[in-house]
Every structure is written in structure tokens, then in C-alpha cells.
Amino acid sequence: MSLQIPTRGKNGTSTAATKAVILVGGPSRGTRFRPLSLDVPKPLFDVAGHAIIWHCLQAVAKVPGIREVILVGYYDETVFRDFIKDSAKELPQIRIQYLREYQALGTAGGLYHFRDAILKGRPERFFVLNADVCCSFPLNEMLKLFEEKDAEAVILGTRVSSDAATNFGCIVSDAHTKRVLHYVEKPESHISNLINCGVYLFATDCIFPSIRSAIKRRSDRPRMISYPSSENLDSSFFAQRDEDGEKNEVLRLEQDILSDLADSKQFYVHETKDFWRQIKTAGSAVPANALYLQKAFQSQSEELAAPSANILPPVFIHPTAEVDPTAKLGPNVSIGPRAIIGPGVRIRESIILEDSEIKHDACVLYSIIGWHSRVGAWARVEGTPTPVGSHTTSIVKNGVKVQSITILGKECGVGDEVRVQNCVCLPYKELKRDVANEVIM
């Protein structure tokens with residue numbers, strides 16, 4: 001029997017093999033997610049009752065024909081072992097594997113390093129998702145555009161306010177054809193308010209040659225390497241000799257590949273009108289939690305607690321948690337495993353992590369309560385709400401930038417009648433007096 005190799009037909013064939021790659025980063029990246037990443041890798045942090053990466057995986061599972069998902073990062077292999085085992089039971093039709101980079105290779109460097117694994121089985125195209133993105137992942141719509149246009153690449157884009165746009169990769173596109181005309185990562189001046197969502201669909205016969213020519217350009221033309229700022233540590237690595245003997249530096253899709261792809265005629269953008277957020281800082285888990293809960297509520301998910309006088313939807317309560325019927329929860333609240341919520345407690349816009357306890361008549365607003373933490377009776381732990389459209393969770397108080405979401409790390413204690421406002425508290429701290437706008441170390 002001869003082997004059928006999928007060819008790229010003009011009409012686009014849905015039968016073509018498709019894979020997905022989820023970029024999970026590594027331990028050096030999680031600094032902005034502290035203090036939460038001190039105890040759990042960011043992709044495995046629970047938002048709306050599930051690990052951040054679970055939401056990506058669920059979206060991938062809804063694309064017909066995807067049989068394989070590859071997680072790429074530089075965490076130790078043991079980190080994702082249990083998650084992969086549980087996901088394999090939940091999604092038996094999909095093979096999930098984790099490939100570990102020997103060092104941080106960058107978003108494009110990681111893809112190129114593992115190209116043999118990605119190309120195995122000759123897929124015609126593959127999705128690339130950044131794990132720290134919260135959105136509805138309209139992958140089927142991206143695939144439809146990809147096939148209609150016989151594209152080499154499709155990027156997911158969304159509109160943000162003009163002043164926020166320069167913090168992201170900006171896309172200039174033809175409104176009629178959806179073709180990407182120009183791409184600039186974090187431009188210094190305003191060029192467009194259509195930004196890169198960190199979700200891509202690439203034709204295998206296009207992306208790897210593009211990365212290869214970027215590597216070749218670099219080795220032909222030595223250039224000064226600037227020191228990465230803390231923002232860009234995300235995806236940087238330093239040159240090793242590749243197996244072909246070529247000098248191979250940190251390669252990032254955003255900075256090194258996408259602007260060149262825009263010069264080709266077959267690079268398109270699918271603009272989502274749905275929600276989108278980056279989960280960069282620990283505080284950004286709270287708006288992401290709200291967005292995923294609202295999505296679950298709209299799709300009438302049976303995981304959510306039934307609305308009642310004391311449950312203002314959407315609210316997720318883990319089956320093992322104990323919530324007193326007089327406690328009032330919601331909207332946008334997630335209660336983790338074995339958490340204990342006492343009588344008369346009020347919680348809104350917050351994440352309560354496993355094994356924590358909120359004593360009677362305490363109030364928790366715009367906050368994350370860490371694993372095994374305790375909030376005393378009549379205590380008040382609160383952050384400051386930020387505008388819905390805002391892409392930051394920091395605010396300025398008395399001329400100083402502070403985190404608007406209050407975060408208690410693992411095993412923190414807040415005394416009875418103590419008020420904590422706009423604070424980030426590292427693990428194992430006892431708060432016995434009122435504090436505001438501080439990092440408690």
C-alpha cells in the first residue's frame with residue numbers, strides 16, 4: 001500500500017493532518033507570576049477550576065482531526081507527568097507528550113529544535129498556542145480562514161486600546177482580505193491597535209524554512225545582542241552550534257519570524273471579537289478566572305454552582321470544598337479543593353486555593369488566597385477593581401505602582417479583624433496588623 005502524503009490543494013482539504021504545539025515556557029519565566037509560581041508552575045495554576053494549560057488543551061480537542069499535542073518547554077519532565085496522565089484519560093483520542101528544551105530556546109527556537117517530532121506523521125499544518133493566554137481559542141475559525149486563503153500562516157488578533165497596543169506585537173492588515181501587511185513587536189510608536197494574541201496556525205512547509213533562513217541570516221550577519229529586559233526574558237536563549245554546525249541563537253517567533261512572514265503574500269489574521277487576556281503576572285489570574293467562568297456560564301457548564309440567593313453566578317466550587325450556606329459568593333469566584341468557607345463570609349472576584357480557610361464574617365474581594373492559608377474572622381482582604389478592558393493589574397497609589405489584586409502566597413495567615421489591601425504577601429507570613437499597598441516579604 002502506498003503512503004498518502006497530504007498535498008496543499010487550492011481548496012484546502014480538511015482531511016489533512018493537523019497537530020498542535022503548546023508552548024509552556026520554563027522555571028526562569030515565572031518570576032512575574034510570583035509568589036504563586038514559587039509553589040506551582042504557571043501553566044498548572046488553577047483558573048476557573050482547571051489548570052491554565054487545560055483550557056488550551058480543551059480548545060485543541062475541539063478541532064476535528066487533531067490526534068497529537070506536543071507541549072514544549074524547559075521545566076523538568078516530572079512537572080507535567082500527572083497532568084498529562086489525567087488529560088490522557090479525559091481526552092483518550094489525543095496523544096499528549098512533553099518535549100523538554102535543554103535550555104530556553106525561544107518560541108521559534110523550540111519549534112525548530114523539535115521539528116522532527118512535529119513533522120512526524122507528515123502533518124500539513126500545526127497550531128502553536130502560548131500557554132499563558134486566556135481566550136476562547138477560535139481554532140476552527142482560524143483553520144477555516146487558513147483553508148479558504150490557502151495560507152502559509154494565520155495569526156489570531158484582537159483589538160485593544162491604542163495606548164495599550166504598544167505593549168504587544170502590532171499587526172497592520174488589509175481589512176478586506178485579512179492579509180497581514182506589516183508586523184512589529186512592541187513598536188515604539190502607535191502603528192495599529194490590532195495585536196498578536198499568541199495563537200498561530202502554520203503550514204509545515206513554510207514555517208521551518210522561514211526559521212531556518214532566520215538562523216542563516218544571523219550567522220551570515222553578526223549583530224550586537226542586546227541584553228533582554230525582564231519583559232523579554234520570556235523567550236531568549238544564547239547561541240549553541242546547531243547539528244548542522246550553524247550558529248543558532250535565541251529565536252523568537254514574535255521578534256525574528258513574523259515580520260518576515262508579513263512580506264510573504266500568504267500570511268493572514270483572524271480577528272477575534274471574543275475575550276482575550278495575557279496571564280503574565282499573578283494578579284492577571286483574577287480577570288482570567290472571571291473570563292473563563294463567564295464562558296463556562298454562557299455554555300451552561302454543569303461544573304458551576306447553581307445560582308441562588310447566596311450564589312451570584314458564575315461561581316465554581318470544587319466538590320470537596322465546604323461552603324456554609326450563609327456565605328455569599330460571586331460573581332467570578334473559584335473555590336478550590338478542600339477549602340472551608342465559614343458562615344457570613346462574602347467573596348467576590350477572587351480565587352480561593354485548595355486547603356485554605358476563610359473564617360466567619362470575613363470579606364475577600366479581588367484577591368487570591370494561597371494554598372493552606374487562613375483568613376481570620378471579620379478580616380478584610382481586598383484588591384482594587386481595574387477596568388474590564390484594561391490589560392494591566394497594577395495601579396498607582398500615592399505615586400507608587402502597586403498590584404491591584406491582593407495575593408496571599410502559600411500558608412499565609414491573616415489575623416481576626418485585620419485589613420489587607422492591595423498587597424502581595426510571600427508564603428508563610430502572618431499578618432497581625434492592617435497593611436496596604438505593600439509587598440510583604
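1. A search of the whole structure finds zero disulfides, a disulfide being a pair of cysteine sulfur atoms within 2.5 Å. Cys134 is in no disulfide, and the nearest cysteine sulfur to it, that of Cys135, is 7.0 Å away. Cys135 is likewise in no disulfide; for Cys135 the nearest cysteine sulfur is that of Cys197, at 6.1 Å. Cys134 counts as buried because its relative accessibility is 0%, and Cys135 is buried with a relative accessible area of 1%. Buried here means under 20% relative accessible area, exposed means over 50%, and partly exposed lies in between (1.4 Å probe, protein chains only).

2. On the basis of the values: this is a predicted model, in which local features need pLDDT of at least 70, side-chain atom pairs count only at pLDDT 80 or more, and totals for chains, interfaces and linings use all residues. Residues are numbered from 1 along each chain as its sequence is written, and side-chain values use heavy atoms, with hydrogens and water left out.

3. The chain has nine helices and 36 strands. Both are DSSP runs numbered from the N terminus: helices are H or I of at least four residues, strands are E of at least two. Of the 441 residues of the chain, 54% count as buried. The accessible surface of the chain comes to about 19,900 Å², and 51% of that belongs to carbon and sulfur atoms; the areas come from the Shrake-Rupley method with a 1.4 Å probe, and for residues only the protein chains shown count as cover. Among contacts (heavy atoms within 4.5 Å) with a separation of 6 or more, residues 24 or more positions apart account for 58%.

4. Is strand β6 buried or exposed? Six of the six residues of β6 (residues 125–130) are buried, so this strand is largely enclosed by the rest of the structure. Arg125, Phe127 and Leu129 point one way from β6, while Phe126, Val128 and Asn130 point the other way. Both sets are buried, the Arg125 side chain's residue included.

5. Two strands pair if DSSP finds at least two bridges between them. Strand β1 (residues 18–25) is joined to β6 by six bridges and the two run parallel; in this pairing Leu23 stands opposite Asn130. Five bridges join β6 to strand β11 (residues 194–203), and these two run antiparallel. Here Phe126 stands opposite Phe202 of β11. As background, strands of a sheet pair through backbone hydrogen bonds, either parallel or antiparallel.

6. Strand β31 (residues 413–414) runs parallel to β34 and is joined to it by two bridges. In that pair Val414 stands opposite Leu431.

7. Another open sheet, of seven strands, has the order β16-β19-β22-β25-β30-β33-β36, again with parallel pairing. β16 (315–317) and β36 (439–440) stand at the edges with a single partner strand each, so one side of each is left without a neighbour in the sheet. Strand β33 (residues 424–425) pairs with β36 in the parallel sense over two bridges, and Val424 has Val439 as its bridge partner.

8. Which residues does Trp378 contact, leaving aside its neighbours within four places in sequence? They are His360, Asp361, Ala362 and Glu417. Trp378 lies in the loop between β26 (374–375) and β27 (380–382) and is exposed, with a relative accessible area of 55%. Its C-alpha atom is separated by 6.7 Å from that of His360, 18 residues apart along the chain.

9. Arg34 lies in the loop between β1 and β2 (46–47). Arg34 is partly exposed, at a relative accessible area of 47%.

10. Helix α1 (residues 52–61) is largely enclosed by the rest of the structure, because nine of its ten residues are buried. Among them are Trp54, His55, Cys56 and Gln58.
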